[in-house]
Amino acid sequence: MAIILASGSPRRKQLLEMLGLEFQVIPAKGEEVIPHGAGPDEAVQALSAQKAASVAAERPAEDVIIAADTIVWYNGAILGKPRDEQEAARMLSSLSGNTHTVYTGVTVRKGDTVVTGAEETQVRFRKLSGREIDAYIATGEPMDKAGAYGAQGLASLFVEGIDGDFFNVMGLPVCRLGKMLKEVGVVLL
């Protein structure tokens, strides 16, 4: 049995390494489709399940597949990864001085057993100046992250408070993942 992380995210890889797991990284391929009318928690669960299914199709049934998808939800809209610096600036400006929600869907799959769930964390940003937003974007850090920021990096300077799982904001709710892995027979402690 191999454990497979169906993601190229360096943050997710780092979190699994922190747990002491031996695993391989095989990023999911293919188009991700959010079901029409899905709320944020349903969207991330559907996307993580699609990623897990994509990788599982190429692997032996005894392998354990871990897949995740993270979005930022603010003002009734999904803020994914910014397409360019202008979109990153718009996202960060809208989050400035406000509270938003980070959702991560996680799927753990072993053969026909599929466990999927979503974690929700509230994040409160302090008011940001235009200069701070521009300087942060110039670092390049926000360009591959949902909502155009990484709470574990320089954007930690923007986060006044977090209500919920901090690791969820990084892209992988570790506590939930541990429970899900246990359901498919992988016990960490």
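Me: Is Phe-167 buried, partly exposed or exposed?
Reply: Phe-167 is partly exposed in this predicted model. Its relative accessible area is 28%. That falls between the 20% and 50% cut-offs, so the residue counts as neither buried nor exposed.
Me: And what about Phe-166?
Reply: Phe-166 is partly exposed too, at 33%.
Me: How many aromatic pairs does the structure hold?
Reply: There are 4. One of them joins Phe-166 and Phe-167. Their ring centres are 5.8 Å apart, with 70° between the planes.
Me: Why is that pair called edge-to-face?
Reply: Because the planes are 70° apart, and an angle over 60 counts as edge-to-face.
Me: Which residues form the aromatic cluster?
Reply: Phe-125, Tyr-136, Tyr-149 and Phe-158 form one cluster.
Me: Which way do β3 and β5 run?
Reply: They run antiparallel, joined by 10 bridges. β3 covers residues 64–74. Ile-65 has Arg-109 in β5 as its bridge partner.
Me: How many bridges link β5 and β6?
Reply: 12, again in the antiparallel sense. β6 is residues 113–125. Across that pairing, Thr-104 stands opposite Glu-119 in β6.
Me: What sits between β5 and β6?
Reply: A turn with 2 residues between the strands, which form a hairpin. Gly-111 is in that turn and has a positive phi of about 60°.

How values were computed:
Residues are numbered from 1 along each chain as its sequence is written. This is a predicted model: local features need pLDDT of at least 70, side-chain atom pairs count only at pLDDT 80 or more; totals for chains, interfaces and linings use all residues. Side-chain values use heavy atoms; hydrogens and water are left out. Rings of Phe, Tyr and Trp (its six-membered ring) pair if their centres lie within 6.5 Å; planes under 30 degrees apart count as stacked, over 60 as edge-to-face and the rest as tilted. Buried means under 20% relative accessible area, exposed over 50%, partly exposed in between (1.4 Å probe, protein chains only). Two strands pair if DSSP finds at least two bridges between them. Helices (H or I, at least four residues) and strands (E, at least two) are DSSP runs, numbered from the N terminus.
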